[in-house]
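User: I have a model open and would like to go through it piece by piece. Can you take my questions as they come?

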Amino acid sequence: RRRRALMEELGVKLEALPGGERRWHGCGKDTPRCFGTIHGRTPAYLASGRWTPPCCLRALRDTARHVLAELEAAGARYWLEGGSLLGAVRLGDIIPWDYDVDIGLYREDVPKCRWLSAVLSAGRPVEDPQGFFWEKAAEGEFFRVHFSRANRLHVDLWPFYPRAGGVMTKDTWLGHRQDVEFPERFLVPLGRVVFAGVEAKAPNDPRAFLELKFGPGVVENPEYPNPEVRRLAQDLGNK
C-alpha cells in the first residue's frame, strides 16, 4: 500500500523492474482513465509537460485493435484518420502524446458492424462481451468506442459519404485543423499501414492525405495539437 501510494504521489504509472517484469500502477478496465476532460485539445498531462501515461496508451492500443478487428470482420470500408494516421506514418503507432484514436468509414457501411448496428437499433450504448462500450457520440453524428464503461479512453468512428464531384464529407465538424473534406480518390483503392501492432486500412497516399489535412511537412515536423498552449520544443529535452 505504501509503495502504491508513493507511485501515485510521483505520478508513476508503470515500473520496469529488474529481470524484465512490469508492475502497473495506472488505469485499467475497472477504473477511470488517468486524466479528465480535455480543454483546448490539451489534456492535463500535456499541459504539465508529460506525455500520455503508458497505461492509457495500452488501453488505446487495445481499443483500437478491437475496433479494427470488428470492422475488418464486418467487411466495412474504413481508414485511419487525422492524428492516428499521422502516428501510423511516423511511428507505426499512436502518437505518444495523443489521447484518442480516429477512424473514418463509409456511412453506408455502418450497419455492417454488428455493434454499431446494435447501437442504432437499441438507441442506447451497447457493451460487447470483451467489455468495450459502443455508443453514439453526444457531440454529433459519429460513434465512440470506449475501453470500458468506467474507463473512457476511446476510438472515434467518423461516418463519411461522397457528395457530388467525388468529395468525401460528413455531417459533424468539430473545428479541428484536420477536419476537412477530401477527394474520394484517396480511398479507391484503400492502402494499408502498420498501426499499434496490427495492419490497418489507410488512404492510398497517406502523405498527400495528411498534407491536405494538416499542411505541408506535417510528417517531418511534429507538434502538439494546440501549440498556443504548449509547444513540443518545450519538452523535447525531457523525453
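User: What share of the residues is buried?
Analyst: Buried residues make up 49% of the 239 residues in the protein. Buried means under 20% relative accessible area, exposed over 50%, and partly exposed in between, with a 1.4 Å probe and protein chains only.

User: What kind of model is this, and how are residues numbered?
Analyst: This is a predicted model, where local features need pLDDT of at least 70, side-chain atom pairs count only at pLDDT 80 or more, and totals for chains, interfaces and linings use all residues. Residues are numbered from 1 along each chain as its sequence is written, and side-chain values use heavy atoms, with hydrogens and water left out.

User: How many helices and strands?
Analyst: The protein has six helices and 12 strands. Both are DSSP runs numbered from the N terminus: helices are H or I with at least four residues, strands are E with at least two.

User: What about the radius of gyration?
Analyst: The value is 18 Å, which agrees with the figure near 18 Å for a compact globule because the chain has 239 residues. The radius is taken over C-alpha atoms, and the globule rule is 2.2 Å times the number of residues to the power 0.38. Along the principal axes, the C-alpha atoms fill a box of roughly 60 × 40 × 35 Å.

User: How much of the contact set is between residues at least 24 apart?
Analyst: That share is 56%, counted among contacts between residues at least 6 apart in sequence. A contact means heavy atoms within 4.5 Å.

User: Which way does strand 4 run against it, parallel or antiparallel?
Analyst: Strand 4 (residues 100–106) pairs with strand 8 in the parallel sense over seven bridges. Two strands pair if DSSP finds at least two bridges between them. Asp-100 has His-154 of strand 8 as its bridge partner.

User: And strand 7?
Analyst: Strand 7 (residues 143–146) runs antiparallel to strand 8, joined by four bridges. His-154 turns up here too, as the bridge partner of His-146.

User: Which side chains of strand 7 point which way?
Analyst: Phe-143 and Val-145 point one way, Arg-144 and His-146 the other, and all are buried. In a regular strand, side chains alternate between the two faces of the sheet.

User: What does Phe-143 touch?
Analyst: Not counting residues up to four places away in sequence, its contacts include Val-110, Leu-116, Val-119, Leu-120, Val-155, Leu-157 and Pro-159. Phe-143 has a relative accessible area of 6%, so it is buried. Val-110 is 33 residues from Phe-143 in sequence and 9.7 Å away in space, C-alpha to C-alpha.

User: What is the phi of Arg-41?
Analyst: Arg-41 has a positive phi of about 60° although it is not a glycine. It is in the loop between strand 2 (22–24) and helix 2 (44–47), and is partly exposed at 30% relative accessible area.

User: And Ala-196, buried or exposed?
Analyst: Ala-196 is buried, with a relative accessible area of 4%. Its phi is near 55°, a positive value in a residue other than glycine, and it lies in the loop between strand 11 and strand 12 (198–202).
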